[in-house]
Amino acid sequence: MATKATIYKANVNIANMDTHYYAEHSLVLAQHPSENDLRLMVRLCAFILNADENLEFTKGISQDDEPDLWKKSMGAEIELSIILGQPDEKRIKKASGTSDEVIIYTYQEGMASSWFKQNEKVLKRFKNVKVVFLSFSSDIEEICSRSMELQCNTDDRVLTVISGDSSIVVGVDEWR
């Protein structure tokens with residue numbers, strides 16, 4: 001019998017001074033059995049950094065041909081694709097060809113740096129692809145719970161995620 005996804009709920013209050021976006025979102029995230037808490041929280045951070053009423057989570061990790069998040073226009077064209085981790089050239093090419101803009105959020109410094117160095121020439125071919133490295137002041141998965149109440153403030157490309165008495169600072173470094 002296949003293991004089912006674990007459902008997480010997050011009430012996220014977003015104040016993004018960089019984009020002047022201020023809203024509250026009630027999100028439901030399905031954690032695939034192979035997805036760890038860190039990756040789940042990176043998905044949530046990607047949402048927070050690009051928050052929009054039309055941004056939504058996709059099937060992501062369980063569906064290779066979809067990004068992890070996307071924003072579609074009223075006509076169903078993909079305006080923004082967000083991919084997490086270190087995608088291969090085929091996945092980048094597909095996202096670049098089907099979306100107006102692609103953002104790859106990478107994390108885990110050693111693996112991310114190595115992947116970026118290996119793919120830097122490939123990435124230059126795609127004009128609509130950005131690579132962003134996320135760094136964390138402490139283990140963000142420690143604030144991960146099945147029900148989350150988060151205050152998220154972004155200013156000067158730094159995201160602060162507050163949960164109760166805990167706060168995590170997320171560095172947002174655009175590599176490309």
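Mentor: Let us begin with helix H1, where Leu 38, Arg 39, Leu 40, Met 41, Val 42, Arg 43, Leu 44, Cys 45, Ala 46, Phe 47, Ile 48 and Leu 49 are buried; please keep in mind that we are looking at a predicted model.

Trainee: What makes H1 a mostly covered helix?

Mentor: A residue is called buried when its relative accessible area is under 20%, and 12 of the 13 residues of H1 are buried.

Trainee: Why is Asn 36 said to cap the N-terminal end of H1?

Mentor: A side-chain oxygen of Asn 36 lies 3.3 Å from the backbone nitrogen of Leu 38, and since a polar contact needs a pair of N or O atoms within 3.5 Å, the value of 3.3 Å falls inside that cut-off.

Trainee: What does H1 give to the largest nonpolar core?

Mentor: That core has 40 residues, and Val 12, Leu 44, Tyr 105 and Leu 134 are the ones that touch the most other members. Helix H1, residues 37–49, gives the most to this core, with 10 residues. As a general point, nonpolar side chains in soluble globular proteins tend to be buried together.

Trainee: Which residues does Leu 134 touch, if those up to four places away in sequence are not counted?

Mentor: Leu 134 touches Val 42, Cys 45, Leu 49, Tyr 105, Thr 106, Tyr 107, Val 170, Gly 171 and Val 172. There is also a second, separate core of 12 residues, and among its members are Val 102, Trp 115, Leu 123 and Val 131.

Trainee: Why is the pair Glu 35 and Arg 39 called a salt bridge?

Mentor: The rule asks for a side-chain nitrogen of Lys or Arg within 4 Å of a carboxyl oxygen of Asp or Glu, and the closest N and O atoms of Glu 35 and Arg 39 are 3.0 Å apart, so the pair meets the rule. Both of these residues are buried.

Trainee: What does the salt bridge between Asp 68 and Arg 91 tie together?

Mentor: The N to O distance in that salt bridge is 4.0 Å. Asp 68 lies in the loop between strand E3 and strand E4, whereas Arg 91 lies in helix H2, so the pair ties together parts that are 23 residues apart in sequence. Asp 68, at 1% relative accessibility, counts as buried, while Arg 91, at 21%, counts as partly exposed. Glu 35, Arg 39, Arg 43, Asp 68 and Arg 91 are linked in a network of salt bridges, and by this rule the model has 9 salt bridges.

Trainee: What makes Arg 157 a residue to look at for its phi?

Mentor: Most residues other than glycine have a negative phi. Arg 157 is not a glycine, yet its phi is positive, at about 60 degrees. Its side chain also meets that of Glu 174 in a salt bridge of 3.8 Å, N to O. Arg 157 lies in the loop between strand E8 and strand E9 and Glu 174 in strand E10, so this pair ties together parts that are 17 residues apart in sequence.

Note on methods. Residues are numbered from 1 along each chain as its sequence is written. This is a predicted model: local features need pLDDT of at least 70, side-chain atom pairs count only at pLDDT 80 or more; totals for chains, interfaces and linings use all residues. Side-chain values use heavy atoms; hydrogens and water are left out. Buried means under 20% relative accessible area, exposed over 50%, partly exposed in between (1.4 Å probe, protein chains only). Helices (H or I, at least four residues) and strands (E, at least two) are DSSP runs, numbered from the N terminus. A nonpolar core is a set of buried Ala, Val, Leu, Ile, Met, Phe, Trp, Tyr and Cys residues joined through side-chain atoms within 4.5 Å. Contact means heavy atoms within 4.5 Å. A polar contact is a pair of N or O atoms within 3.5 Å; within protein, one must be able to donate a hydrogen and the other to accept it, and residues adjacent in sequence count only if both atoms are side-chain atoms.
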